[in-house]
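Please look through the sequence and the 3D structure shown here, and then read the report that goes with them.

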Amino acid sequence: MKIVVTVKQVPDPNAAQGLEADNTIARDREVVLDPGDEYGIEEGLLLKEAHGGEVVRWSRGPERARDAIRKGLSMGADRGILVTDEQLSGADALLTARALAAAIKPESPDVVICATESYDGSTGMVPPMLAELLDLPQLTTAKQVEVSGSKVTIHRQTEDGYQVVEAETPVLVTVTAGIAEPRYASLKGIMAARAKEVKQLGLADLGIDKGEPAETVLAVNDAETRKAGEVVEDDGTVGVEKIMAVLQAAKVI
Amino acid sequence: MARIWVYAELNEGKAAPIALELLAKARDLGDAEAVALGPGAAGAAADLGKHGAKVVYVNEDPAFAEYIAEPAADTLEALVKQHSPDLILFGFTTDAREVAGRLAARLGTGLISNSLDINAKDGGFVARVPYFGGAKVADYKANGKPAIVLLRPKSVEASEVGGEAKVEQVPATIGERSKRAHILERKVEAADAVKLEDAAVIISGGRGLGGPENFPLLEALAGALGAAVGASRAVVDAGWVPYSMQVGQTGKTVRPGVYIAVGISGAMQHTVGMKASKVIIAINKDAEAPIMKMADLGVVGDALKIVPKLTEAVKAKKGK
């Protein structure tokens with residue numbers, strides 16, 4: 001079974017962030033492998049261990065996104081593909097999905113694994129677009145994945161519970177955080193990763209024309225914030241008294 | 001007048017709340033029309049009409065409810081090509097976003113996801129989206145034709161205008177290969193008590209509770225107040241409680257009368273889903289936690305001691 005896991009680097013959620021002059025998110029700051037992607041890598045490796053095959057990690061981003069791929073190779077993935085191109089800076093979901101699809105298609109994977117959504121953009125749009133462009137069914141927001149022969153069955157997280165959803169390979173699966181505890185790379189894994197192949201591709205290699213973006217950023221402003229109210233230190237009684245007063249004022253009790 | 005379409009999701013054969021919210025927005029932007037696909041679509045049309053849809057395109061093929069995204073994307077594609085709407089609104093929900101993503105890729109138009117609001121400007125549409133996890137907001141001009149925008153639930157208030165929709169039966173244009181991701185079973189995990197989306201009072205717990213064994217303290221308080229119980233992403237990811245309880249960017253957006261955040265630090269991921277609450281009360285042992293800077297009342301102290309006392313006080317008050 002051939003498994004492709006998509007990953008990307010995002011600005012470190014715990015570090016200060018900035019904007020470029022064209023209002024795209026500054027990528028010269030600290031970047032990390034998107035925390036959501038580690039779950040995808042782990043699930044890919046688990047499937048490989050159970051069913052054999054190869055895990056190929058794919059990443060789009062600046063040259064240093066190679067670090068994100070190296071991390072996955074250290075964890076146990078077999079090969080990496082890095083798509084990097086000046087023109088991909090600030091790419092929208094559709095251009096990202098088109099580049100991904102062009103790079104993944106020749107690999108003819110049985111399973112493509114993505115995170116449900118990224119930590120920075122949170123639009124969740126690349127996976128369904130990628131499924132469409134690769135002509136794959138989509139098994140999404142999976143909190144459990146089982147493979148039996150050519151049949152893939154997932155538990156799909158929904159607003160009020162979950163659904164059991166099934167499709168035949170090849171499929172695209174998106175996984176949620178918590179599906180599997182991501183492993184740490186062993187020293188041996190880190191050493192082995194250095195010898196693993198990382199192929200680098202640009203938009204021209206993929207035969208992709210950038211096209212028109214879906215949106216133009218007109219303005220970026222600070223979000224409305226709420227004002228801080230009263231803060232009290234609880235002494236065993238004042239906390240409950242204050243809360244009761246607020247609940248009564250709100251006519252809840 | 002611009003022609004505004006709403007992808008009207010159905011929930012147990014009725015128009016889902018998000019469909020009615022989207023119609024309130026669509027009415028403001030032009031002539032509102034809805035597309036309802038799946039069992040119950042024709043019945044839901046009356047409700048959609050009352051909320052401002054002038055036309056409702058319906059098809060009741062069960063495949064729309066049984067397979068993920070593809071049948072709906074196929075049918076929408078055919079309808080869009082036939083009718084050329086200016087804008088299609090989808091809810092930013094599990095099901096709709098997958099349909100929207102496939103449709104936008106197929107039409108080659110792209111889309112704007114995760115929007116908080118959308119307005120008409122210079123003959124086009126400008127959507128407002130959270131940026132930097134919600135610290136900033138960006139205004140995006142939609143370049144696609146049709147423009148496709150996904151609006152977060154609870155961004156707009158649904159309201160009736162008392163109209164009647166013209167119901168138009170449309171063919172289910174479903175490709176041979178589109179019945180692939182098959183939904184075999186649906187399981188409901190949400191607490192049977194009060195639904196988060198409808199609750200007037202919500203009590204949410206985070207890491208500060210220490211462990212899943214302390215969530216019953218919140219349930220007891222919720223029982224006394226008639227409230228719903230929510231959670232932060234951190235504790236859902238840690239497996240303490242199911243995802244159906246998650247409030248925030250990747251969970252539910254809520255705007256209750258009172259929101260009590262217990263042991264939640266107030267990461268942007270969480271606050272984007274609850275900051276529109278009317279009154280916010282925070283209980284946290286850290287006076288410097290971000291949640292304290294946005295709460296109407298912040299109580300610095302041990303939640304495990306405060307919550308049970310509060311439950312008793314509420315019960316005593318209600319007993320009177």
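Predicted model: local features only at pLDDT ≥ 70, side-chain atom pairs only at ≥ 80, totals over all residues.

Residues are numbered from 1 along each chain as its sequence is written, and chains are lettered from A and ligands numbered from 1 in the order in which they are written. The predictor assigns the complex an ipTM of 0.87 and a pTM of 0.88.

Chain B is divided into domain 1 (3-169) and domain 2 (196-319), with bounds that come from an automatic or database domain assignment. The centres of these two domains of chain B, taken over C-alpha atoms, are separated by 32 Å. Their contact (C-beta atoms, placed from the backbone, within 7 Å) takes 7 residues from domain 1 of chain B and 8 residues from domain 2 of chain B.

Between the chains, the contact takes 65 residues from chain A and 76 residues from chain B. Of the side of chain A that touches chain B, the largest share, 8 residues, comes from β12(A); helices (H or I, at least four residues) and strands (E, at least two) are DSSP runs, numbered from the N terminus.

Strands also pair across the two chains, where pairing requires that DSSP finds at least two bridges between them. Strands of a sheet pair through backbone hydrogen bonds, either parallel or antiparallel. The table sets out two such pairings.

| Strand in chain A | Strand in chain B | Bridges and direction |
|---|---|---|
| β12(A) | β10 (residues 136-142) | 7 bridges, antiparallel |
| β13(A) | β18 (residues 297-300) | 4 bridges, parallel |

Within these pairings, Val220(A) has Ala138(B) in β10(B) as its bridge partner, and Glu230(A) has Leu297(B) in β18(B) as its bridge partner.

The strand β13(A) belongs to an open sheet of 6 strands, ordered β13(A)-β18(B)-β17(B)-β16(B)-β14(B)-β15(B), with parallel pairing. Its edge strands, each pairing on one side only, are β13 of chain A and β15 (228-231) of chain B. Lying across β13 of chain A together with β16 (258-262), β17 (279-284) and β18 of chain B is α7(A), which runs at about 165 degrees to β18(B); here axes are lines fitted to C-alpha atoms, for helices over the stretch in contact, and angles run from 0 to 180 degrees between N-to-C directions.

Note on methods:
Contact = placed C-beta atoms within 7 Å.
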